[in-house]
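Subject: Structure handover, with notes on helix packing and salt bridges

Dear colleague,

I am passing on the structure we spoke about, together with an account of what was found in it. Please open it beside this message as you read.

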Amino acid sequence: MLVIPAIDLKDGRCVRLRQGDMAAETVYSDDVSAIARRWQQAGAALIHVVDLNGAVDGEPRNFPQIEAIIRTVSLNIQVGGGIRSIETVRRYIGAGVHRVVLGTAALTDRSFLEQACREFPRRILLGLDARDGKVAVKGWTALSETKATELLKELAGDALGAVIYTDIARDGMLGGPNLAALREVVELSSFPVIASGGISRVEDLRSVQALGPRVEGAIVGKALYDGKLDYKAAVAALRLNPLP
């Protein structure tokens, strides 16, 4: 199982939010390329990048910083936030992004999602962000009436690469993941699952890993930046004590 560092971009800087609140930010660095180098040097195989401004505005706002990350490191980058058109998908893929994450568009523009999956099979990820089990959209500023599990079932036939499940109430809170919701997603999903939200300890990672081989990885943000979780130690712990 991959441990995936997160780089959340707001106004060109690396930040973390509490429960997706754009007003509740902690700034960790103005040099996002240096942050990316840090994770590559720690041994990461994949970095999860989110354009927070883009997620709210509906179009990329931190593209220069994402390009800088791509130029700086040789590992895979997946990007989400504000990707609402096939032109934006093509722009990111053309720039060297390995996979793109569609969240709002998966709910509001199904034809776009299907076109993206056709053009870039298995390189489109579903960002399934939920609050109280319902799908949140527009950078988590709006809550739909659609259940996350229902949307997952509806998209079972698309050529998605994976689904990223985030429990918004857990995000940035360091209180552990919502394992019950994650287990339901894993059981229902036709795709690999990536866990996100609340992961702060090696024990959390092992609990996610225990959900089964369909779990591709876990995204970790605040715990890494606050020093509550050491990246190399976490990866080593999962490798030395693999689950049967």
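This is a predicted model: local features need pLDDT of at least 70, side-chain atom pairs count only at pLDDT 80 or more; totals for chains, interfaces and linings use all residues.

I begin with the helices. Two packed helices are described by the angle between their axes and the distance between the axes, and I follow that practice for both pairs. Helix α4, which spans residues 86–95, and helix α6, which spans residues 110–119, have axes that come within 10 Å and cross at roughly 30°. Because angles under 35 degrees count as roughly parallel, α4 is described as roughly parallel to α6, and the crossing in which α4 passes α6 is right-handed. On the α4 side the residues involved are Ile-86, Val-89 and Arg-90, and they meet Phe-112, Gln-115, Ala-116 and Glu-119 of α6.

From α9 the contact draws on Val-202, Leu-205, Arg-206 and Gln-209, while α11 contributes Ala-234, Ala-237 and Leu-238. The residues of the contact of α9 with α11 divide into 5 nonpolar, 1 polar and 1 charged.

Turning to charged side chains, a search of the whole structure finds 13 salt bridges, of which I describe a few here. In one of them Glu-145 is paired with Lys-134, and the closest N and O atoms are 2.9 Å apart. This pair links distant parts of the chain, since Glu-145 belongs to strand β9 (residues 142–147) and Lys-134 to strand β8 (residues 134–137), the two residues being 11 residues apart. Which of these two partners counts as exposed, and which as partly exposed? Glu-145, at 66% relative accessibility, counts as exposed, whereas Lys-134, at 26% relative accessibility, counts as partly exposed.

Another salt bridge joins Lys-222 to Asp-226, with 3.0 Å between the closest N and O atoms. Here Lys-222 is buried, as its relative accessible area is 17%, while Asp-226 counts as partly exposed at 34% relative accessibility. Elsewhere, salt bridges that share partners join Lys-10, Asp-11, Arg-13 and Glu-25 into one network. Within that group, the side chains of Lys-10 and Asp-11 meet in a salt bridge at 3.5 Å, taken from N to O, and Lys-10 counts as buried, with 11% relative accessibility.

Ser-33 lies in helix α1, which covers residues 32–41, and it counts as buried because its relative accessibility is 13%, under the 20% limit. Leaving aside residues up to four places away in sequence, Ser-33 touches Ala-68, Ile-69 and Thr-72.

Methods
Residues are numbered from 1 along each chain as its sequence is written. Side-chain values use heavy atoms; hydrogens and water are left out. Axes are lines fitted to C-alpha atoms, for helices over the stretch in contact, and angles run from 0 to 180 degrees between N-to-C directions. Helices (H or I, at least four residues) and strands (E, at least two) are DSSP runs, numbered from the N terminus. Angles under 35 degrees count as roughly parallel, over 145 as roughly antiparallel, 65 to 115 as roughly perpendicular and the rest as oblique. A crossing is left-handed if the near helix is turned anticlockwise from the far one by less than a right angle, and right-handed if clockwise. Contact means heavy atoms within 4.5 Å. A salt bridge is a side-chain nitrogen of Lys or Arg within 4 Å of a carboxyl oxygen of Asp or Glu. Buried means under 20% relative accessible area, exposed over 50%, partly exposed in between (1.4 Å probe, protein chains only). Ala, Val, Leu, Ile, Met, Phe, Trp, Tyr, Cys and Pro count as nonpolar, Asp, Glu, Lys and Arg as charged, and the others, Gly among them, as polar.
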